[in-house]
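Subject: Structure handover

Hi,

Here is the structure I promised to pass on to you. Please have a look at it first, and then read my notes below.

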Amino acid sequence: MKKSHLKSSDLLPIQQKDRKVTKLGYSFMWVGMVVVLATFAIGGAGVQSLSLPLVILATIIGSLAIGFFISLIADIGIEHGLSFPVYMRAPFGTIGTHIPSITRGVTASAWFGINTYFGATAMNGILNILSGFDNWFVCFIIFAIFQLINTALGIKSIERFADLAAPIIILISIWMYSSLSDQAQAAGREVWSWVESPVTGGAAFTAFMVVIFSNMGFWATLSADIPSISRFMKAPINEKNWFKRNKSSLIGNLVAMPITQTFMIIIGAVSYIAVLNADPVVALQESASGMVLAVLLLMIVLAQWSTNTAANVVPAATIFSNVGGPKFPFWAGVITAGIVGTIVQPWELFGVIIPILLIVGGVLSAIVGILFADYYLIRKRRVNVPALYEDHGQFRYWRGVNLAGFIAWIIGGYISYLFPAYGFLVGFLLGAAIYYVLAKYWWFRQYQQAEIEDPSDAKYLGISVGRDWIIEEDYESVIEEAPASLKFDQ
C-alpha cells in the first residue's frame, strides 16, 4: 500500500517519552537565540533618538508582549505534540499549508545564512589571531556544516549545545559590555544619557513605539512556528490549567528571553555609543586585540550556532520535510535549509536582506493571528489530530485549501506591510479577526469540523487529558482514547 504523503515519521505527534527539552534547556536556547546582529541593530538604532533607559524600557515591553504571543501558540505543540506545518493544515488545508509554511521556511533559511555569515566573520577573526589564517568564506562553509550536523542529530543535541554555550555567552557578554562601556567613556560619552539626535514630544513617542514593535516584529516568525520546538518540551500530564501546563514555555518566553534580549539590546546600544556602529565585533576590533579579542569573538560564534539550530534550521527543516513527504526526512530538510541560506548570499545582500526579513516577519504576524483564532477561539484547543494526517479527511476542504485562511492572511499581511512600524500588532489583529469571521460563519458551515460539532475533551484534547496521539503510518489513523490513569515514561 502506498504511504500517505501526509504521514512522515518526522512529522507525527511527539509522544511523552520523546519529549526531552527541560525548562532550563529551553531557557538556555533563548540565551543563544537572541544574540544576533539584528538584535544589536535595534539597540544601536534606538539610541540615535532615545536615551538608553528608554530603549531598555521599550525593549522590555516589546519582549514581554511577543513572549506572551509565542507562549500562546506554543501550546499547540505542548498539548498535541504537533509541529507548525502539520497544524497549519487546519487553517490552510492539507495542500494550502505549503504556501505560508514555505514562506516561513525560506525566511528561516535566510536568517540561517545571515547568522552563519556573522559567525563566520568572528570565526575568521579568531583563526587570524591564532594562526594568521584569513578566509571568511571557508569559515562560512565549515561553520554551516557543523551547525547543520548538530541540528540533524535532533533536538536533544541542540539542547546540549545550548547548555554548553549559554553560560559562556553570559560571561563573555558581561565582559563585552564592560569593554564597550570603557570604550564609550574614553570617547567622552556617558552610556546612560548620551543620545545622538534627541527627539521630544510626538517624535519621541513614535521612536519609543518603533523600538517596541521592532522587538516584536523580530520574533514574529518564531511565534508562528514555535510548535515545531515546543512539541519536544516536557510538560505535566493531565494538567488542565494552561499556565501550569505551559510552565516551561512561559519561563523561557517571559523570563529568559526578555532578560537576555534586553541585555543584548544594551550591548548594541553601547557599541553604537562607543564607535557609532551597533556591530560589537566591529567595535571590539577597534579596542581589543590578541586573546582578549579572540575570546570575545568566540561568544559571537557560539551565539550564532545556538540561534541557528533552534530558531532557524529546526523550523525550516520541519517545513521542508512536510513539503517533501515521507521520502524527504528531517535531515534532508536540514540540508535544504543550509543550501537555501547559502544561495541568498547574505554577504552580498547584508544591508538589504535584514530590513526585508523584518518586513516578512510582520507579514507572517497575520499567520500568528490566524493560528490563535483557529486554535483558541474556534476549536478551543480541541483538535481532530488523526484527520490532519488523512488525505481525504475534514482538513482536505476545497482541493486541499482553506480559503478562509488565505483570505485572512492576504488581507492581514498586506495591511501589516503598509504599517511596518506597527506590523506585528496590525497583522495579528486583522489575521485573527478576519479568519474568525470567515471560518466560523462561512467556511466551517460548508466543511464541518468534528471537534467543533462535538467539543469533547475526551476525544480531542491531548496531554491535558493524559493522551498521546498515535498515528499509524498508512492510510488509517487511530484515535487513542485517554485512560483515566495513563502512565508515561518521563
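Buried residues make up 60% of the 490 residues in the chain, where buried means under 20% relative accessible area, exposed means over 50%, and partly exposed lies in between (1.4 Å probe, protein chains only). Before you go further: this is a predicted model, in which local features need pLDDT of at least 70 and side-chain atom pairs count only at pLDDT 80 or more, while totals for chains, interfaces and linings use all residues. Residues are numbered from 1 along each chain as its sequence is written, and side-chain values use heavy atoms, with hydrogens and water left out.

Now the overall picture. The chain holds 21 helices and zero strands; helices (H or I, at least four residues) and strands (E, at least two) are DSSP runs, numbered from the N terminus. Its radius of gyration is 23 Å, which agrees with the value near 23 Å for a compact globule of 490 residues. That radius is taken over C-alpha atoms, and the globule rule is 2.2 Å times the number of residues to the power 0.38. Along the principal axes, the C-alpha trace spans about 70 × 50 × 40 Å.

Two residues may interest you for their backbone angles. Most residues other than glycine have a negative phi. Lys380, however, has a positive phi near 55°, and Arg381 has one of about 70°. Lys380 lies in the loop between helix 17 (346-378) and helix 18 (403-418), and Arg381 is found in the loop between helix 17 and helix 18 too. Are they buried or exposed? Lys380 is partly exposed at 47% relative accessible area, whereas Arg381 counts as buried at 14%.

Finally, Leu64 sits in helix 3 (residues 52-80) and is partly exposed, with 38% relative accessibility. Leaving aside residues up to four places away in sequence, Leu64 touches Leu254 and Pro258. Leu64 and Phe161 are 97 residues apart in sequence and 26 Å apart in space, C-alpha to C-alpha.

Best wishes

Key:
Contact means heavy atoms within 4.5 Å.
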